[in-house]
Amino acid sequence: MIQLAVSSLKTPAFWAGLAFSVFSSVTAQANTALPDIGGNAFSTLTPDTEKQLGDVMMRQTKSQLPMVYDPLLDEYLNAMGNQMVAKAQDVKFPFRFYWVNDKNINAFATLGGNIVSHTGTLAVSDTESEFASVIAHEISHVTQRHIARSVEARSQNAPLTLAGLLGSIILATVNPEAGMAGIMATQGAAQQSAINFTRSNEQEADRIGIQLMADSGYDPYAVPEFFNKLAERSRFANAQLAFLYTHPLSQARVADSRLRAEQFQKRFVADSPDYVLTKARVLARYYYDPKDVETNFLKRLSSPGGNTKANQYGLALAYFDGKKVKEAEQIILKLRQQEPDNLYYIDLYTDILLAKGQHDEAMTMLEQQYQLKPNNQVVTLNYANAAIQGKSYRLALHLLRNLLYYRSDIFPAYEMIADTYKAMEDYARYYEARADMYYQLAIYPKAIDDLNEALNHLAPENQLENRRLEAKKKQWQTELNRLKRL
């Protein structure tokens, strides 16, 4: 399945408008009502309000940052993250985990259980426990409601617009210096107390995160180890690491994490097979320079103990992305002999079969997997992709609609539905599908424009469809008008 990394034009003017536009969206769920956040209403954020605002913020974030929509990475991160959420205390809403295509080490949590990791964070981790330490830390920020409490505290000390604050937080993840400047401008004289509040939050998130890691079967000692790695990297970097701008790292904090880890018995925690394959995929497609991927994996394979399945898989990805389909196929066939149901191998083998024009063989393989895993997005998106290339358009639409019914935030499904209708030359539904895609990214003007295009392609006598699209357009326009008034 071809992965997607979606980004926007990030000009200075674009980012200057982020603080205003952060609330130019609504939740993707059926209930799109926004809480009343006029005046000082957010001085006390209830969990329900926090969840609604978090959904708003996350949809806007998706349109602003270079998100990675790779089903294998998404499945791994959400499975790993929710495994820890299941062991956490004070969980008040469902969690969702996302990737940003960025080689810098960073991760952040927003309101309402949305957590984002840079691909670079996993790429530099040496163990799964190191990566889990970052995710556990962000989960703890959410369960302790640090962001919500910070918003409440700052709103009591200085004039504050929530859009300005959250816009600055998003900006800080891309350009830490500009983001901190935005927060300073938003907070004014309250900035010093905000910094102290953040440091207190970091210590609390460390303490709870370490316990959460231990309860979830990861190595708590990975926390001070990862901190030491960050300190070493920062020492030799020209500028402070992005992670350290939003997660200040003092010697006291490092020492405290070491003391807390030592409360647990030291034991060996093996990396999961999914972690090592996910890391190989990240290195191959999101970290190494494309011209050096093949060379890097050949070096890894030739190093002592480096002839692993993960490195073989990484080399197969490098070969396929470099148009060496035959070489990629030779590796993946050997790997599939050992693990025929491994979704990492199935994903790449599907791409190989489709590149060779063997649509029927790909669909037969994926139909069998779909019977076993009907709600798995890796299987479904690959199956739908094979169906589209094999011109089985009705099957593709059936698969994609069922997947979105199960989970409505899988962005590639919206794009594939639009591509399917375009291939069918059904332009009314094509433009409506594009409108739905833009709506998921909170890009209201384009969404409404495409609904108008859909209406233009409908026959006048098709009154039912006309009324349905007109009602949809009216709903979105009403939402946009309300958001402009916030």
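Where do Arg207 and Glu204 both lie, and how many residues apart are they? Both sit in helix α10 (residues 191–215), three residues apart, which is about one turn of the helix. Arg207 is partly exposed, at a relative accessible area of 38%. Please keep in mind as you read that this is a predicted model.

**The chain as a whole**

Let us step back for a moment. The chain has 25 helices and five strands. It holds 486 residues, and 56% of them count as buried. Take the contacts between residues at least 6 apart in sequence: 67% of these join residues at least 24 apart.

**Salt bridges**

The count of salt bridges comes to 27.

| Pair | N to O distance |
|---|---|
| Asp126 and Lys229 | 2.7 Å |
| Arg253 and Asp206 | 2.5 Å |

Asp126 forms its salt bridge with Lys229. This pair links distant parts of the chain, 103 residues apart: Asp126 is in the loop between α5 (119–124) and α6 (128–143), while Lys229 is in helix α11 (residues 222–236). Is Lys229 buried or exposed? Lys229 has 16% relative accessibility, and because buried means under 20%, this residue counts as buried.

The side chains of Arg253 and Asp206 also meet in a salt bridge. Arg253 lies in helix α13 (residues 251–261) and Asp206 in helix α10, so the pair ties together parts that are 47 residues apart in sequence. Both Arg253 and Asp206 are buried.

Salt bridges can also join up into a network. One such network links Glu432, Asp436, Glu465, Arg468 and Lys472.

**Two helices side by side**

Glu432 takes us to another part of the model, where it is one of the α23 residues that meet α24. How do the axes of helix α23 (residues 427–440) and helix α24 (residues 444–456) cross? They come within 8 Å and cross at roughly 165°. Angles over 145 degrees count as roughly antiparallel, so α23 is roughly antiparallel to α24. The crossing of α23 past α24 is left-handed.

Which residues make this contact? From α23 come Ala428, Tyr431, Glu432, Arg434, Ala435, Tyr438 and Tyr439, and they meet Tyr444, Lys446, Ala447, Asp450, Leu451, Glu453 and Ala454 of α24. Sorted by kind, the residues of this contact are nine nonpolar, no polar and five charged.

Start with Tyr383, which is found in helix α20 (residues 377–389). Tyr383 is buried, with a relative accessible area of 7%. Leaving aside residues up to four places away in sequence, Tyr383 touches Met363, Leu366, Glu367, Tyr370, Leu395 and Leu399. Tyr383 and Met363 are 20 residues apart in sequence, and their C-alpha atoms are 6.2 Å apart in space.

Then look for Thr110, in the loop between β4 (107–109) and β5 (114–118). What is the relative accessible area of Thr110? The value is 2%, and Thr110 is buried. Beyond residues up to four places away in sequence, Thr110 touches Gly54, Met57, Val142 and Ile147.

Note on methods: Residues are numbered from 1 along each chain as its sequence is written. This is a predicted model: local features need pLDDT of at least 70, side-chain atom pairs count only at pLDDT 80 or more; totals for chains, interfaces and linings use all residues. Side-chain values use heavy atoms; hydrogens and water are left out. A salt bridge is a side-chain nitrogen of Lys or Arg within 4 Å of a carboxyl oxygen of Asp or Glu. Helices (H or I, at least four residues) and strands (E, at least two) are DSSP runs, numbered from the N terminus. Buried means under 20% relative accessible area, exposed over 50%, partly exposed in between (1.4 Å probe, protein chains only). Axes are lines fitted to C-alpha atoms, for helices over the stretch in contact, and angles run from 0 to 180 degrees between N-to-C directions. Angles under 35 degrees count as roughly parallel, over 145 as roughly antiparallel, 65 to 115 as roughly perpendicular and the rest as oblique. A crossing is left-handed if the near helix is turned anticlockwise from the far one by less than a right angle, and right-handed if clockwise. Contact means heavy atoms within 4.5 Å. Ala, Val, Leu, Ile, Met, Phe, Trp, Tyr, Cys and Pro count as nonpolar, Asp, Glu, Lys and Arg as charged, and the others, Gly among them, as polar.
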